[in-house]
Amino acid sequence: MTTFFDDTEEAGQPPRLPQAGLRTALSIAGLDPSGGAGVIADVRTFDALGVYGMAAVSTVTYQNTSGMLGRFDLPAETLLSQVEAIFADRMPNAIKTGALGSADSVRELGLLLAEKYNGPVVVDPVVLSAGAQRLLDEDAVSALERFLLPVAAMVTPNIKEVELLSGFAVFDSKDAEAAALRLVAAGARSALITGLKSVEAGEDVAADVFCDGQEIEIFTNPWVEGLEVHGSGCLLSAGIAACLALGMSLKDAVLEARALTRAAIEVPVFPGRGAACADPFLLQKGLRPQVLEEQEGEAQ
Ligand code: PXL
């Protein structure tokens with residue numbers, strides 16, 4: 001088998017050390033060639049938060065902003081070879097997993113992470129695209145539960161995904177709490193159930209339910225009416241992974257990533273003729289979402 005770094009050693013050069021202080025995060029997820037979701041969105045999110053982004057591709061989708069035509073899963077072996085190449089170089093400070101395609105990939109990846117990786121893993125259990133095409137095979141759902149939840153620092157299903165994972169429908173925050181507890185009992189260190197619409201003081205709010213087995217916290221913000229923004233789930237889970245790579249606590253990571261995601265939903269971009277997409281670089285582009293004005297107002 002070819003091993004990495006032989007050339008450097010044979011050439012008698014001293015091995016180069018990874019740059020001190022540089023934080024890195026690895027996305028292990030699907031390729032959406034239009035960039036709105038999957039590894040491209042994840043890497044952009046890592047970089048927008050000051051974390052050097054890397055990616056290993058599990059499944060190649062054929063899609064643009066108007067819809068998805070299909071997907072081709074890379075063999076589990078090809079996925080693992082990408083991850084092992086990264087690991088042989090330098091362990092990333094955090095990992096995020098997204099759409100993984102096959103049960104084989106889920107199982108092999110879970111086993112590899114359990115054996116070799118000690119950092120935080122954020123598992124976004126992506127099952128369906130916005131147009132309801134499968135991004136995770138049916139038999140891969142139980143593999144995810146068995147092999148990935150035990151290595152997850154946090155699992156971040158939306159309410160549709162939590163139904164598929166926990167086996168029951170989520171209608172309110174009590175259901176979401178029960179589902180989050182179930183995911184923690186199944187081995188995840190924490191769970192964040194996202195995308196619940198509920199009512200607080202007579203107003204619609206978007207609620208995410210966080211549970212780490214000790215406490216349950218419900219994060220809310222005013223419901224943003226209108227478009228469904230492609231890639232917002234990727235932004236949230238990649239944002240959490242980036243914040244964990246920077247050394248934040250699980251809860252602080254959720255707070256930071258939620259603020260970025262909400263801002264991206266308020267000020268989406270339109271890179272094609274179809275869906276609005278979440279853009280993690282909106283602040284660098286000088287766009288000022290309402291959510292930041294509110295936060296600054298509260299801080300004064
Ligand atoms: O947003 C979920 C998602 C994640 N990853 C890939 C996707 C999608 C949705 O379409 O295509 C690759």
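Select the shell around the ligand first: eight of its residues are nonpolar, eight polar and one charged. Keep in mind that this is a predicted model.

Stay on the ligand. There are 17 residues around it, and G30, A37, G38, A99 and S129 come nearest. Now colour by secondary structure. Three elements, β1 (24-31), β2 (52-64) and α8 (232-245), each supply at least two residues of this shell.

Next, select residues 76-89 and residues 103-116. These are helices α3 and α4, packed at an angle of about 25° with their axes 9 Å apart. Angles under 35 degrees count as roughly parallel, so α3 is roughly parallel to α4. Look at how they pass: the crossing of α3 with α4 is right-handed.

Show side chains at this contact. From α3, pick A76, L79, L80, V83 and F87. From α4, pick D104, S105, E108, L109, L112 and K116. Colour them by class: the contact of α3 with α4 has seven nonpolar residues, one polar and three charged.

Which residues of α4 meet α5? Select A103, V106, R107, G110 and L111. Their partners in α5 are D139, A140, A143, L144, F147 and L148. Colour by class again: the contact of α4 with α5 has eight nonpolar, one polar and two charged residues.

Notes: Residues are numbered from 1 along each chain as its sequence is written. This is a predicted model: local features need pLDDT of at least 70, side-chain atom pairs count only at pLDDT 80 or more; totals for chains, interfaces and linings use all residues. A residue is near a molecule or strand if its C-beta atom, placed from the backbone, lies within 6 Å of it. Helices (H or I, at least four residues) and strands (E, at least two) are DSSP runs, numbered from the N terminus. Ala, Val, Leu, Ile, Met, Phe, Trp, Tyr, Cys and Pro count as nonpolar, Asp, Glu, Lys and Arg as charged, and the others, Gly among them, as polar. Axes are lines fitted to C-alpha atoms, for helices over the stretch in contact, and angles run from 0 to 180 degrees between N-to-C directions. Angles under 35 degrees count as roughly parallel, over 145 as roughly antiparallel, 65 to 115 as roughly perpendicular and the rest as oblique. A crossing is left-handed if the near helix is turned anticlockwise from the far one by less than a right angle, and right-handed if clockwise. Two residues are in contact if their C-beta atoms, placed from the backbone, lie within 7 Å.
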